[in-house]
Amino acid sequence: MVDRRLRDGNEGPDRVQWRLGLRARDAGADGIRHPRTRRGVRVTTPTGRDHGVQDLVVITGASGGIGRAIVRGLVASGHAVVLHYHRNESAARTLAEEIGAGGARAFIAQADLTEPSGVGDLVAHVDQILEATPGLSLHGLVNNAARLLGPSFDDASPEQFDLYFALNTRAPLFLTQQLSARMSSGGSIVNVSSAGAHFSSAGDIVYAMSKAALESLTRNAAEALAPRGIRINTVIPGFTDNGHPALAVPGVREYVSTYALLGGIASPAPVADAVAFLLSPHAGRTTGTALDVTGGSTLGARPRSSKISLRDIIAQPGIAPR
Ligand SMILES: NC(=O)c1ccc[n+]([C@@H]2O[C@H](COP(=O)([O-])OP(=O)(O)OC[C@H]3O[C@@H](n4cnc5c(N)ncnc54)[C@H](OP(=O)(O)O)[C@@H]3O)[C@@H](O)[C@H]2O)c1
């Protein structure tokens, strides 16, 4: 049963809002918007299909700094996208409008992935999108949404532990389980981890543990998904400028720049490029592994104090950590 809002392309008043990005003038004679063409030459989908089917990728945390770059990279390589967000609806909406104005398809979907019902909410939206939009095939999932950094060994509480693990680990597992069931052979899943899982950081112990568990999910799910021709991999970013105001403060930039052997703070682009690669057929023999784009941050060459929480460092006066 297709939700009326989907059929009509209208938004409803529900807590969870989303919007179809299909513009009527872009649809073909059959009402389906096909992969874009240049000078009349048909462009195949990223996975090589050429019969009016376009690959759809779900990106969690698409309203965040790295998520937005991942979305733009996937749209540039011909994918339709579902932009998941939690609180920042305007960021998701603005990005979806930018994508729609460029002639591609974007859908937005809200869900609180710390709630046990959050995964079901997002999966239900994906089902509605697929049902209401002939010509889309679910190709990929990017588990990118997260609570970043902290809490420290001394400050951690069971409640915080549950919150971090619910978003950073539990949601990726069950989104992978449920959305992979809607993919066919060739599907691909990418988990966004962190350099923090690869060096000792008692100041961010719960975040680091949640990302280590996420990488374990990658390895273990690879075996389960391989017989169905579905791949799953991890991307490991280092410090990345996600637009957080603290990263504009020179002292903060200087401190976090010391982590990467290659120096500096990365832009989100290398993370987005790595995700696009792992979702593409070029990575067709790659599963259960990790692509490190940390600029050497994980090699352990830098002396560190285990007592410092990076969450505290970026919490400058007047700038609340997210
Ligand atoms: N930036 C870095 O230096 C860095 C380094 C290593 C790894 N990473 C990883 O890169 C990924 C993206 O990070 P980022 O830097 O882009 O962070 P960000 O800008 O803070 O974005 C975080 C995203 O997570 C979503 N989110 C937060 N709470 C949520 C909840 N309860 N339910 C569902 N979604 C929720 C946010 O949604 P709303 O904004 O809509 O609420 C936002 O889209 C994360 O997995 C992070 O661990 C980042």
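**Close-up views of a predicted model**

View 1. Helices (H or I, at least four residues) and strands (E, at least two) are DSSP runs numbered from the N terminus.

A word on the model: residues are numbered from 1 along each chain as its sequence is written. The model is predicted, so local features need pLDDT of at least 70 and side-chain atom pairs count only at pLDDT 80 or more, while totals for chains, interfaces and linings use all residues.

View 2. The order is 3-2-1-4-5-6-7, with parallel pairing (a pair needs at least two DSSP bridges). At the edges sit strand 3 (106-110) and strand 7 (290-293), each pairing on one side only. From one strand to the next, the twist averages 20 degrees (angles run from 0 to 180 degrees between N-to-C directions, with axes fitted to C-alpha atoms, for helices over the stretch in contact).

**View 3. Strand 1 meets strand 2.** Strand 1 (residues 54-59) and strand 2 (residues 80-85) run parallel, joined by four bridges. Look for Val58, which stands opposite Val82 in strand 2.

**View 4. Helix 5 packs beside helix 6.** Helix 5 (residues 158-180) and helix 6 (residues 205-225) have axes 9 Å apart and pack at about 15 degrees. The two helices are therefore roughly parallel to each other (angles under 35 degrees count as roughly parallel, over 145 as roughly antiparallel, 65 to 115 as roughly perpendicular and the rest as oblique). Their contact residues divide into twelve nonpolar, six polar and one charged. Helix 6 also lies across strand 5, strand 6 and strand 7, at about 160 degrees to strand 6.

**View 5. Residues gather around the ligand.** There are 27 residues surrounding it, the closest being Gly61, Gly64, His86, Ala146 and Asn242 (near means a C-beta atom, placed from the backbone, within 6 Å). Helix 2 (residues 65-76) gives the most to this shell, with three residues.

Terms used. Ala, Val, Leu, Ile, Met, Phe, Trp, Tyr, Cys and Pro count as nonpolar, Asp, Glu, Lys and Arg as charged, and the others, Gly among them, as polar. Two residues are in contact if their C-beta atoms, placed from the backbone, lie within 7 Å.
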